[in-house]
Amino acid sequence: MNYRFQFGVVWDNFGALLEGALLTFQLGVIAFGGGALIGLVLASLKTYGPWLVRFLVDCYVVFITNTPALIQIYFLYFGLPEVGVRWSNEACLLIGLTLNAGAYLTLILRAGFLSVRITELEAGQTMGMSLIQQVRYVIMPHIAKSIYPALANFFIVVLVMGTSIGALIGVDELTGQAINLSTVNYRWLEYFTVVAGLYVVLTFIASIGLAYLGRWTFRVKAKIF
Amino acid sequence: MPHLAVRDVRAKYGTLEVLHGISLSIEAGEIAALVGPSGSGKSTVLRALMGLTPITGGDVMIAGERMDYSSARAVRTARDRMAIVFQQYNLFQNMTVMRNVTLAPTKIKGWSKAEVGAEAMRLLALVGLSEKADAYPDQLSGGQQQRVALARALALKPQILLLDEVTSALDPELVNEVLDAVRKLAAEGMTMVIVSHEMGFVREVANKVVFMDGGEVIESGSPEDLFNAPKTNRARNFFSKIIRH
Ligand SMILES: Nc1ncnc2c1ncn2[C@@H]1O[C@H](COP(=O)(O)OP(=O)(O)OP(=O)(O)O)[C@@H](O)[C@H]1O
Ligand SMILES: [Mg+2]
């Protein structure tokens, strides 16, 4: 291998990379949070709604989970201006990622709904709980615990894979920032080596945070890696 | 006026009618025991009273007031008057003992947190579990979980308590601790409908025994009458088999 690594130029622009990493983290958290909200509503509708509503939820989930996230985001990015809607690149990415995460989280949360013990629901009913109260006090805490590991894994997927799509529509998240910088001085390998390291640091921090959150709030013994 | 009067109640699972007109009545402070072979509909009677299995005919009166089971909202009155303890405890597994007991009184009834908390401690002491307030159900034995379920039901201050085979899932050495808790309630004058296979216990606490078979009441009366001199063949067969063990 004759390539000579020259990291000096990368360090000079390290601040910009850190900014990208921060944006990546923010995008990941917001898209996941919004997706979780969508997922919660749709999983409830899928469980308790009339058949037409359940069918529409299925359509949404099938459409999203069977097409690449990149294509969905391109639809917003290239499609919306055609109908006169102008959103910033960040907004297209964020909305696209959120809608995408929402479908996957509907599936994950739905599995959680199905795993709730009918006996606990009946206990709740006999104590006078309405449907909403059962969701709030029995189903949610149960789901939170039983599917926590799946949720935590999916957060990492959104954080790493989801957000990096931003590079293709001009959002300066971590990957996008690396592409911008390396087109200036062609130190692609150096930039991407450092960026890979930053992603690992990011997911490591997130994993530890999630493991502790799970341990303290839901008594989940989550493994870190 | 009877505290609880059940008249000709019918109930269905889907299209299958499993209660074909059940009647029974008890005065305040009395205990009625439902006995009968497996599948005779004992649990279904309690489930129907709590609005878990749809009632398709007949009346349920509590202290002269007719219970309405026609909608999820209407059924809350019945659920307010009565509380049930299930055979399998049905505790909320993700919540501590304390939260299991206080959740419904604070969040559903909206009663004051401090008062509910104090009452919960009194009830946990009553069932002998004061030191387990912060434990989770999966850290408790079956007998302990069943006693938590009892405390949880009592925290709602029901007028009538329904107990469905509260000892049949327990190891023999744990049965007595639960029965002791029920004895205390009986002494406090709680009106109860219990389903039980513990005939010795039934004879001891019940004022009235209701023998069911095939979704019907075959015979009912005082424990002495039913255990010693059953009038029907079916009751005679059943008790002769059961009491021999
Ligand atoms: N969820 C259900 N769906 C359909 N049928 C049911 C259901 N639960 C009970 N049954 C039927 O209803 C009848 C009465 O059942 P129930 O559970 O009330 O009997 P039980 O007297 O409590 O019996 P055990 O002593 O075994 O608990 C039985 O024939 C049973 O098969
Ligand atoms: Mg039963």
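**Close-up 1. Parallel pairing of β3 and β8 in chain B.** In this predicted model, strand β3 (residues 31-35) of chain B pairs with strand β8 (residues 191-195) of chain B in the parallel sense. The pairing runs over 4 bridges. Two strands count as paired if DSSP finds at least two bridges between them. B:L34 stands opposite B:V195 in β8(B). Strands (E, at least two residues) and helices (H or I, at least four) are DSSP runs, numbered from the N terminus.

**Close-up 2. The open sheet of chain B.** The order of its 6 strands is β6-β7-β8-β3-β9-β10. Pairing is mixed. β6 (82-85) and β10 (216-221) of chain B are the edge strands, each pairing on one side only. From one strand to the next, the twist averages 20°.

**Close-up 3. Helix α1 across the sheet of chain B.** Helix α1 (residues 42-49) of chain B lies across β3, β6, β7 (160-164), β8 and β9 (208-213) of chain B. α1 runs at about 145° to β7(B). Axes are lines fitted to C-alpha atoms, for helices over the stretch in contact (heavy atoms within 4.5 Å). Angles run from 0 to 180 degrees between N-to-C directions.

**Close-up 4. Packing of α3 and α5 in chain A.** Helix α3 (residues 51-65) of chain A packs against helix α5 (residues 89-114) of chain A at about 115°. Their axes are 9 Å apart. Among the residues in contact are A:Y60 and A:I64 in α3(A), and A:L99 and A:A103 in α5(A). By class, this contact has 8 nonpolar, 4 polar and no charged residues. Ala, Val, Leu, Ile, Met, Phe, Trp, Tyr, Cys and Pro count as nonpolar, Asp, Glu, Lys and Arg as charged, and the others, Gly among them, as polar.

**Notes.** Local features need pLDDT of at least 70, side-chain atom pairs count only at pLDDT 80 or more, and totals for chains, interfaces and linings use all residues. Residues are numbered from 1 along each chain as its sequence is written, chains are lettered from A in the order written, and side-chain values use heavy atoms, without hydrogens and water.
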